[in-house]
Each structure stands twice: as C-alpha cells, then as structure tokens.
Amino acid sequence: MDVKKVLSLWELRSHFVDEGPAELNSTPEQFEQLFRWWNLLLATGRCNILVNGVGSKIDKLNEFVDEHLTDHPLVTVNGYMRSASARQVLDSIKDGFRMKCSSGGSTLEYAKRICEQLRSRKEDLIILVHNIDGAALRDSFHQRVFALLANCECVKMIASIDHVNTLLMWDDGLLSQFKWASFNMTTRKPYLEELMNSDVRLLDGDMSGGDEGAHSLASMNAMWSSLTQNAQNIFCYLMRLVCKKGESAVPMIELFEAAREDFLVSSMPILKQQLVEFIDHNIVARKTNSQGDEDLVITANMAVLKQFLESKGCKLALSDDEDEDA
C-alpha cells in the first residue's frame, strides 16, 4: 500500500477510527494482516495504536511487538499494576539509552528532557502500554506525561484500554498529542495476568487473628518462595534499617552500602533489579525526597512483614543488651 495514500486518508480521519473486531476465532492470517496494517501506520509517524475490545490483549500485543518491531528499543509498561508510574517509564528510558539528563524537577519537565534526548539521538523507541487506563495511570497527571511521550516524533506507542469510561480521560488537547488510531481487537481471553496483578493488596490484612491476616501471610509466603536468597537477604537488610530508624522510608544509598558491605550487590542497578519483585507487589515503593535523592518506602502492613520475616528467621529487633543500652 502506498504510504502517501495512507497519509492523505489519515488527514481526513478523526482522532479515533474503529476497525472491525478481531474475534477469538480469527485466523493467524487475519491477525497477521492486522499487524501489517498497524506496522504501516506506525511507519508513517503520524499516529499511535490504541486497542480496545473485550478480553485480554496482552498476548497479542506482545506478539505484534516481538514479530514486527524487533529492530527498535522497547519499553513495556504494565499499567494494570498498582506500582506503575510515569516516572518509572522515564527512568527505564533513561537507563536503557544511558542518558545523562537530570531526573530532577517535575515529572513533566523530566519527560521533556527525555524527549529532547530522543530527538537528538534520532532513534525510534517503542512504548507498549498494557492498560493505559489502569488505576495507577488514569489520572490526568500520568496521561499528560504519556501524551507528551506519544507526541514525540521518535516514539511509537501501542496501548490497550479496557475501562468503559476511558475516553473521559482525554480532552481534545490530549487526543491531538496521542494521535490514536483505534482498533477493536476482541479476543474474549480471560484477564488472568491483569487480575493477578491489579489492585493486589496481599499484605494489608488485619493481624488480629482473622482469616484476612492469615491469607496475607500465605500470600507473602508464596511470593517469598519465588525469590533468590540474595533478594531475601536484601529485603531483610531493608527491614532492619526501617526498624532501626523507626520510619517507613530509608535512603536507597544506605541500603546499597549495607548490602555491598555484605557482598550482596556490587552496583546500584543490581540492587534496583533485586527490589523489582517487592515493588511490583506493592511492598516497597521508590520515591524521590525533597533533596532529590531516592528513598525506599515500605508501603505494606508493617505488622504482617515483621511477623512473616521473624517466622523466616530474620531478626529485626535489637538484642536485649542493645535495647538496655539504648
């Protein structure tokens, strides 16, 4: 198909176009035809892809990226997770491209610096957002950041939506930045990944002995068993620092120095990687303090965490002698 013809047609389209639904029984050939159409639209640089419809779209969107966009760097955003944030996306872009721009100031200013860096490099970036309407991302602040990225000529964005009121998030200004070409891709597949990770409050149970608290400990145990010994030890170090300070926030540099002294990590990127599982399960959050340094904040129920870690042999409290000295 002639690219110029596509461009001329695009000028006549509104912000949203809605192609015929791709149902669950669509053949691989039909999906491949749809993927080629998406690839052509992205190649024009005049629009981004927005996918709606009933059923999980994660597998198909990942398939499209894996088969058709492997020549470009990729940042994947799981918007259905409570820990998702625009700043995490910007940090991923900065780390992936090894940019030297400052991450200080507002998130919008940070995003503008990222876009300037991308333009100077003249290298395309793919941003895949599963559930851009997820609970953690649907506020106007996050949407402005994503719209700014989507409007960057070096960025090609593919996103999915599922909430019935998603369109209320975007006014004409945001729509003009997103430049969506919208497609109905009804798969009718169960939302397994989304349900397992969205709005999960595994560790908010009441420790008064009720079933809710017991369930929280069981959930924590399931996650703990999937971690490496290194990650478990690092989290124990973090909790000791939290208990020692009597505050829920600990400077990341303090945890890094403590873990490095015990040969658990050798660099800050390795430490951040070890903390990913805790962040994804909303146990720990990364936040920038007023001095511009990064803190680690315990966001889960402290009573649950203390009881669980003590059951695993992780000593958090001071010894009797140390307590008397204090």
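Guide: This is a predicted model, and its largest pocket has a volume of about 1400 Å³.

Visitor: Which residues line the largest pocket and are closest to its centre?
Guide: Of the 42 lining residues, Arg87, Gln88, Asp91, Ser92 and Arg286 are the closest to the centre. By class, the lining has 14 nonpolar, 17 polar and 11 charged residues.

Visitor: Which element gives the most to that lining?
Guide: Helix α4 does, with 9 residues. Elements that each supply at least two residues include β2, α12 (268-274), α13 (276-280) and β7 (284-288).

Visitor: How do you know that the reach of α4 is close to the expected one?
Guide: The expected span is 1.5 Å times one less than the number of residues. For the 12 residues of α4 the expectation is 16 Å, and the helix reaches 17 Å from its first C-alpha to its last. After α4 comes Arg98, with a positive phi near 55 degrees.

Visitor: Which residues of α4 are called buried, and what covers them?
Guide: Buried means under 20% relative accessible area. In α4 the term applies to Ala86, Val89, Leu90, Asp91, Ile93, Lys94 and Phe97. Their cover includes β2, α5, β3, α6 and β7.

Visitor: Why is the set that contains Ile93 called a nonpolar core?
Guide: The name requires buried residues of the nonpolar kinds, joined through side-chain atoms within 4.5 Å. The largest such core has 40 residues, and Ile93, Ile132, Met157, Trp170 and Phe178 have the most contacts inside it. Its largest share, 6 residues, comes from α6. Apart from it lies another core of 33 residues, among them Met223, Leu264, Phe278 and Ile298.

Visitor: What is in contact with Met157 beyond its neighbours within four places in sequence?
Guide: Its partners include Leu42, Ile127, Val129, Ile132, Phe146, Phe178 and Trp180.

Visitor: How many cavities of 30 Å³ or more does the structure hold?
Guide: There are 3, and the largest cavity has a volume of about 50 Å³. Its lining includes Leu42, Cys47, Glu153 and Lys179, and divides into 5 nonpolar, 2 polar and 4 charged residues.

Note on methods:
Residues are numbered from 1 along each chain as its sequence is written. This is a predicted model: local features need pLDDT of at least 70, side-chain atom pairs count only at pLDDT 80 or more; totals for chains, interfaces and linings use all residues. Side-chain values use heavy atoms; hydrogens and water are left out. Buried means under 20% relative accessible area, exposed over 50%, partly exposed in between (1.4 Å probe, protein chains only). Helices (H or I, at least four residues) and strands (E, at least two) are DSSP runs, numbered from the N terminus. Contact means heavy atoms within 4.5 Å. On a 1 Å grid over the protein atoms alone, a cavity is a set of points where a 1.4 Å probe fits but cannot get out, and a pocket is an open set with protein on both sides within 12 Å along at least five of seven lines; lining residues have an atom within 4 Å of a point. Grid points are joined across faces, edges and corners, and a volume is the space filled by probe spheres set on the points. Ala, Val, Leu, Ile, Met, Phe, Trp, Tyr, Cys and Pro count as nonpolar, Asp, Glu, Lys and Arg as charged, and the others, Gly among them, as polar.
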